[in-house]
Amino acid sequence: MPAIDYAEKIPNNVGLDQDQTLQRALEHWQPSYLSWWNDMGPERSQTSDVYLRTAVSAEAQGWANFDYVRMPDYRWGIFLAPREEDRQIGFGEHRGEPAWQEVPGEHRANLRRIIVTQGDTEPASVEQQRHLGLTAPSLYDLRNLFQVNVEEGRHLWAMVYLLHKFFGRDGREEAEALLERRSGDQNNPRILGAFNEKTPDWLSFFMFTYFTDRDGKFQLCALAESGFDPLARTTKFMLTEEAHHMFVGESGVSRVVQRTCDAMRQLRTDDPQKLRTAGVIDLPTIQRYVNFHYSVTVDLFGADESSNAATFYNTGLKGRFEETKRPDDHRLRGASYKILAVQDGRLVEKEVPMLNALNEVLRDDFIRDSIAGIGRWNRVIEKAGLPFRLRPPHKAFNRRIGTLAGVKVTPEGEVVGDAEWGARERAWLPTPDDRGFVASLMGPVASPGQFANWIAPPPIGINRHPIDFEYVRFA
Ligand code: BYC
């Protein structure tokens, strides 16, 4: 596997200079990308030197380099994980056949759809986060935001490479359209619901990177199993970058919780109003943010019964999380899985063919993983000697996609009528007042080692630097 060549106009380890047609197509797309980045990329970044990590190799050891980079000069490139010789398709009807190096004609449309859906989320998240640089609670956090943003930009490159290399003209058209849709736009929105929500404040950003980037992890893991080898290899490499994004979310929320607990102990109160007056975010508000981001992200896994999901699996395009580690036949014909349904005003379990329930299987894997982090936040509260506990809401709470869309279910899992929902929603989801309060705390802190009042400093800095390192230098 060649190291990444930064002398190239488009850094890559895919031998771009050997493929003139592809190189021309991508060099044609590059200015449109840069113009999109200029218009929709992070504010307050254009003149900053940021201490960033840049991928320099696709090998697991020493893949990244840390240094100051002027943001507009960041080099987005195309990097695939090394090719595994003799790799075989691991699941579905083609199990045991050699993995595809070219697009299988009969599955072309579905494959393109998956790649476009994945690709669409990447620029969407950059758009959602673009104003946050104006209110970063520290230089450390500002740097982390920019790191996440440049890597999401690179993930868009990863999908655009596949579209250009393997899908010809319609691939190029899709690549253009990825730069034209806009998060939250009425007429031309991003494809999936959560990517049209706003990320208006830093608590939302940490929740987004904890929960929604974790959807990214699970979807990318499922695609890393794909029988289409270039998709498997490119998503495998994206996963190495994704881990840091979820770390930003988990540690960010943990630091907010820590600061609140410190204030609760100091002031000897759990009164949200008193805590708000002291300039920290009360735990019930944090719970409402958890409820919102969790439920919106749970929807991202698609309908609980989906013939698309069955087709993607049967045809070898998209596997399960850790497919190869599972001790079953990897075909799943005749297997079943339990999903939720509403019967006589109550939630009940219903057994359906597993192939049709693969969105639900992945959703449940995600739920197990995300609950673990909530447990770690609770340990911060426990250590402070406080009785409050954060909880994941019920899987059926606040759903917009699948069988549970439109059913009103409390965070505890009780089906309720519209009137009760209306009366109690304020206790479950962030209210305009909550959002207004959190927004009122946001304001930039730009001296090294200083942190906004509502968040604790991190225990350690980036790449073994101290916390008061100058992670961002403004021109
Ligand atoms: N919002 O049969 P279904 C990431 C539509 S995140 C709006 O269940 P399927 C990242 C669906 O399109 C990971 N619409 O669909 C994180 C379909 O519409 P049509 C992104 C939705 O295909 C942070 C209809 O409902 N990657 O990387 O089985 C920062 C029927 O649904 C939604 C992927 O998602 C929704 N949430 O499942 C940056 C992987 N859900 O055709 C990045 C690729 C469904 O009837 N995508 N619909 O008009 C997929 O595998 C599948 O498309 C999905 C949906 C699992 C998302």
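This is a predicted model: local features need pLDDT of at least 70, side-chain atom pairs count only at pLDDT 80 or more; totals for chains, interfaces and linings use all residues.
Residues are numbered from 1 along each chain as its sequence is written, and side-chain values use heavy atoms, with hydrogens and water left out. Local features need a pLDDT of at least 70 and side-chain atom pairs count only at pLDDT 80 or more, while totals for chains, interfaces and linings use all residues.

The ligand is surrounded by 30 residues, and the closest are Gln 118, Gly 193, Ala 303, Ser 306 and Lys 318. A residue is near a molecule if one of its heavy atoms lies within 4 Å of it. Polar contacts here are pairs of N or O atoms within 3.5 Å; within protein, one atom must be able to donate a hydrogen and the other to accept it, and residues adjacent in sequence count only if both atoms are side-chain atoms. An oxygen atom of the ligand is 2.5 Å from a polar backbone atom of Ala 303. An oxygen atom of the ligand is also 2.7 Å from an N or O atom in the side chain of Ser 306, and for the side chain of Asn 308 the distance is 3.3 Å. Of the 1,100 Å² of accessible area that the ligand has on its own, the protein covers 80%. Such areas come from the Shrake-Rupley method with a 1.4 Å probe, and for residues only the protein chains shown count as cover.

Helices and strands are named by number from the N terminus; they are DSSP runs, with helices being H or I of at least four residues and strands E of at least two. The elements that give two or more residues to the shell around the ligand are α2, α5 (202–223) and α9. The element that gives the most is α2, with seven residues.

Helix α9 spans residues 307–314, and Ala 309, Ala 310, Phe 312, Tyr 313 and Asn 314 in it are buried. Buried means under 20% relative accessible area, exposed means over 50%, and partly exposed lies in between (1.4 Å probe, protein chains only). The cover over these buried residues includes α2 (108–128) and α10 (358–383). Ser 306, one of the residues closest to the ligand, caps the N-terminal end of α9, with a side-chain oxygen 3.2 Å from the backbone nitrogen of Asn 308. Just after α9, Gly 316 takes a positive phi of about 80°.

Most residues other than glycine have a negative phi. Asp 344 has a phi near 50° and is found in the loop between β3 (336–343) and β4 (346–353). Asp 344 counts as exposed because its relative accessible area is 76%. Asn 463 also has a positive phi, of about 50°, and its loop runs between α12 (432–441) and β5 (472–474). At 34% relative accessibility, Asn 463 is therefore partly exposed.

Thr 135 is in the loop between α2 and α3 (139–166). Its C-alpha atom is 8.0 Å from that of Trp 202, 67 residues apart along the chain. The side chains of Thr 135 and Trp 202 make a polar contact at 3.3 Å. Leaving aside neighbours within four places in sequence, Thr 135 is in contact (heavy atoms within 4.5 Å) with Trp 202, Met 442, Gly 443 and Pro 444. Ser 251, in helix α6 (residues 229–267), is 20 residues from Asp 271 in sequence and 25 Å from Asp 271 in space, C-alpha to C-alpha. Ser 251 counts as buried because its relative accessibility is 17%.
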